[in-house]
Amino acid sequence: MTEPAPLLPSRPLGRTGIPVSCIGFGAAPLGDLFARMDERTAIDAVATAITLGVTLLDTSPFYGHGLSEHRCGTALRIAGREGVVLSTKVGRWMEPRQGSGPAAGFVGGLPHQAVVDYSYDGTLRSVEQSLLRLGTDRIDVLLIHDVDVWTHGDMMEQRFREAMEGAYPALHRLRAEGVVKAIGVGVNESEMCVRFARAGDFDTMLLAGRYTLLEQAALDEFLPLALEKGIGIMLGGVFNSGVLATGAIPGAKYNYRDAPPEILERVQRMEAICAAHAVRLPDAALHFALAHPAVASVVLGAGSPDEVRRNLSALERPVPAAFWAEMREAGLLRAEAPVPA
């Protein structure tokens with residue numbers, strides 16, 4: 001039986017006005033992130049999200065070296081492409097005649113080698129490959145992917161120059177020709193969002209893990225700049241790789257590694273306040289991320305239909321004002337951080 005689509009709230013993606021669901025589907029798990037996924041389950045997760053009203057689907061060639069895009073494309077053929085805002089990324093294209101090599105946590109994926117390439121021609125090649133894998137004739141949002149210290153280390157400055165001299169003009173042209181509706185960047189550092197926002201004309205940015213209950217440094221410069229420029233923000237990693245979803249349990253992850261003692265101690269203090277107000281920690285993390293006026297959507301990864309339903313159900317559990325007040329009093333939340341009304 002087909003599940004009825006509820007009225008999932010939508011917001012405009014910055015100055016583009018493109019409506020996106022306030023919770024998006026993050027397709028990194030579909031690239032076999034940390035574990036190999038059952039094909040049917042992966043495809044059903046995307047189809048279920050679309051059926052339940054999720055309109056923003058974010059993927060990347062890097063996720064499983066093309067496997068995530070393949071699975072998303074199959075799901076779109078099942079659930080329908082109409083009404084879905086499809087986001088993918090550039091910065092890597094796949095060489096099919098070489099083995100996959102290391103892929104930063106993707107344990108399965110396709111047997112294709114990722115070639116880092118932020119050049120003009122490399123960007124257009126990446127877009128063409130994505131269209132073929134996704135089985136579609138259009139992409140709505142294109143993001144320059146992973147130009148940050150986290151990914152490139154000492155090579156970051158060179159990659160930034162390559163992106164602004166190559167990938168950005170390519171995306172600018174595609175937007176001007178109406179091939180895509182919005183262009184932006186997807187990175188792990190708010191400082192790089194600021195640099196890109198000041199260097200070019202971007203519509204949207206996907207920031208992963210840097211505006212959460214645990215980290216609010218993006219309030220200093222990036223989020224005010226996004227509001228000033230009308231840049232629509234998509235937030236990823238709002239559970240900081242897991243610790244804000246699981247709580248301070250043994251083996252809890254923070255930034256893809258075991259959480260250090262100081263993070264576990266901070267999360268334990270949050271959990272005590274959650275218990276006092278009958279609030280689930282992941283619910284608080286989600287509602288907090290959605291409260292900033294620059295944020296259009298929080299992109300949540302999911303690997304199964306049940307996980308999709310669990311993500312969406314958090315919207316139905318509001319967090320009381322007293323919780324936020326106590327978080328501030330405990331020094332766990334910055335005074336200027338917006339919270340839900």
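User: Is aspartate 220 buried or exposed?

Analyst: This is a predicted model, and the answer rests on computed accessibility. The relative accessible area of aspartate 220 is 54%.

User: With which residue does the side chain of aspartate 220 meet in a salt bridge?

Analyst: The partner lies in a distant part of the chain, since aspartate 220 sits in the loop between strand E10 (204-208) and helix H7 (222-229), whereas the other residue is in the segment after H12, 114 residues apart. The N to O distance of the pair is 2.8 Å for another bridge, that of arginine 71 with glutamate 39, but here it is 2.6 Å, and the residue is arginine 334.

User: Which parts of the chain does the salt bridge of arginine 71 and glutamate 39 tie together?

Analyst: The two side chains meet at 2.8 Å, N to O. Arginine 71 is buried, with a relative accessible area of 3%, while glutamate 39 counts as partly exposed at 40%. The residues are 32 apart in sequence, so the pair ties together helix H2 (residues 67-79), which holds arginine 71, and, with glutamate 39, helix H1 (residues 39-51).

User: By how much of a helical turn are arginine 40 and aspartate 44 separated?

Analyst: These residues form a salt bridge in which the closest N and O atoms are 2.9 Å apart. Both count as partly exposed, arginine 40 at 46% relative accessibility and aspartate 44 at 27%. Because they are 4 residues apart in helix H1, their separation is about one helical turn.

User: How many salt bridges does a search of the whole structure find?

Analyst: Among the salt bridges are the pairs of arginine 40 with aspartate 44 and of aspartate 220 with arginine 334. The search of the whole structure gives a total of 25.

User: How are helices H9 and H12 oriented to each other?

Analyst: The axes of H9 (residues 261-276) and H12 (residues 321-329) come within 10 Å and cross at roughly 150 degrees. Angles over 145 degrees fall into one class, so the two helices are roughly antiparallel.

User: Which residues make the contact between H9 and H12?

Analyst: H9 passes H12 in a right-handed crossing. The residues of the contact divide into 5 nonpolar, no polar and 1 charged. They are Met270, Ile273 and Cys274 of H9, and Phe323, Glu326 and Met327 of H12.

Key: Residues numbered from 1 in each chain as written. Predicted model: local features only at pLDDT ≥ 70, side-chain atom pairs only at ≥ 80, totals over all residues. Heavy atoms only, no water. Axes fitted to C-alpha atoms, helices over the stretch in contact; angles between N-to-C directions. Parallel < 35°, antiparallel > 145°, perpendicular 65-115°, else oblique. Left-handed = near helix turned anticlockwise from the far one by under 90°. Contact = heavy atoms within 4.5 Å. Nonpolar A, V, L, I, M, F, W, Y, C, P; charged D, E, K, R; others polar. Salt bridge = Lys/Arg side-chain N within 4 Å of Asp/Glu carboxyl O. Buried < 20%, exposed > 50% of the residue type's maximum accessible area, 1.4 Å probe, protein only.
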